[in-house]
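Please keep the sequence and the structure at hand while reading.

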Amino acid sequence: MTRDPKTIRPFYVRLIIVAFFTASLAGLLSTIDYTWNWGVVWQYRAVYWQGFVNTVAVSCGAIALGLAIGLLGGLARVSENIWLRELATIYVWAFRGTPLLTQIYIFYFCLAVVIHVDSPFLTGMATLAFFAGAYITEMVRAGIESIGQGQWEAARSSGLSHGQTLRHVIFPQAMRRIIAPVTGQFVSLIKDSSLLSVIAVRELTKGAEMVNAATYKTFEAYLPLAAFYLLLTYPLSILTYHLERRITYQSAPRKPSADKQKGAAT
């Protein structure tokens, strides 16, 4: 059984490109006057491991909460209730229109103080969730509005209410269209979790900063950081790519079979 060359070629091209840039980076780093000591990575392995676990935990919590917020926000954006619709609109406008770093500061130094939450971890998770939820809200709204008006009219003419039509007819179709961009948003959220180091959440970036401060080995401290983030985001990126291809394939018009074409010709 042989593989199609078209499916093999991109893999080798990517491998060659990665190898070229890796060799170029290694050559560039070898020209600087620097004493390498990769032993510090193993010496501070517990710090990296704790940062890795905390990054996974805060990202998973923010993804779950952000997805719930985004689904509710998206449904509110297409609601017949003007109060819900405008509230969701203001939420999206506020969180998409301000930098995430600013939101982290506001949540941690203002809102957390008011409601007496002393955990940077929970505050950071909530900030990431509301930030991602604003983008997921728009994805859900766009997915719902992409369904043809004929679907609404057919469901309403059969006696379904607006809510029933949305729940049983429109929303299941919209979910197929938004699952790929939502998965892509999760990749961005994992990378955005690095900003939580500013409020002393001991995730990966904070762990690398601690290693750098203790050893003054900048390259050894931060190069593994990039590898850890790639390890976390690459599987989701591949999943997003395959989901997009699957949705594109399912959405493409099917060609009639040879028998049907022969029958139509006769």
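## Salt bridges

The count of salt bridges comes to four, a salt bridge being a side-chain nitrogen of Lys or Arg within 4 Å of a carboxyl oxygen of Asp or Glu. The model is a predicted one, in which local features need pLDDT of at least 70, side-chain atom pairs count only at pLDDT 80 or more, and totals for chains, interfaces and linings use all residues. Residues are numbered from 1 along each chain as its sequence is written, and side-chain values use heavy atoms, with hydrogens and water left out.

E138 forms a salt bridge with R77, and the closest N and O atoms are 2.9 Å apart. This pair links distant parts of the chain, with E138 in helix 6 and R77 in helix 3 (residues 45-77), 61 residues apart. Helices (H or I, at least four residues) and strands (E, at least two) are DSSP runs, numbered from the N terminus. E138 counts as buried at 13% relative accessibility, and R77 is also buried, with a relative accessible area of 18%. Here buried means under 20% relative accessible area, exposed over 50%, and partly exposed in between (1.4 Å probe, protein chains only).

At 40% relative accessibility, R96 counts as partly exposed.

E138 has a further salt bridge with R141, where the closest N and O atoms are 3.2 Å apart. Both E138 and R141 lie in helix 6, three residues apart, or about one turn of the helix. R141 is buried, with a relative accessible area of 19%. Salt bridges that share partners join R77, R96, E138, R141 and E145 into one network.

## Aromatic pairs

The structure holds 16 aromatic pairs. Rings of Phe, Tyr and Trp (its six-membered ring) pair if their centres lie within 6.5 Å; planes under 30 degrees apart count as stacked, over 60 as edge-to-face and the rest as tilted. One of the pairs is formed by F20 and F21, which are edge-to-face at 5.5 Å centre to centre, with 80° between the planes. F20 is exposed, with a relative accessible area of 53%, and F21 is exposed at 56%.

F107 and F130 form a tilted pair, 5.9 Å centre to centre and with 40° between the planes. F107 lies in helix 5 (residues 100-114) and F130 in helix 6 (residues 120-145), so the pair ties together parts that are 23 residues apart in sequence. F107 is buried, its relative accessible area being 13%, whereas F130 counts as partly exposed at 30%.

## An aromatic cluster and charges over rings

Y34, W36, W38 and F219 form one aromatic cluster. K217 lies over the face of Y34, at 5.0 Å from the ring centre. A charge sits over a ring if NZ of Lys or CZ of Arg is within 6 Å of the ring centre and within 35 degrees of the ring normal. The charged end of R45 likewise sits over a ring, that of W42, 4.1 Å from its centre.

## Positive phi in two loops

H116 has a positive phi, near 60°, and is a residue other than glycine. Its place is in the loop between helix 5 and helix 6. H116 counts as exposed, at 68% relative accessibility.

Y216 has a positive phi of about 60° although it is not a glycine. Y216 is found in the loop between helix 9 (204-215) and helix 10 (218-251), and is exposed, with a relative accessible area of 69%.

## The chain as a whole

The secondary structure of the protein chain comes to 11 helices and zero strands. Of the 266 residues in the protein chain, 34% are buried. Among contacts (heavy atoms within 4.5 Å) between residues at least 6 apart in sequence, 77% join residues at least 24 apart.

The protein chain exposes about 16700 Å², of which carbon and sulfur atoms supply 66%. Accessible areas come from the Shrake-Rupley method with a 1.4 Å probe, and for residues only the protein chains shown count as cover.
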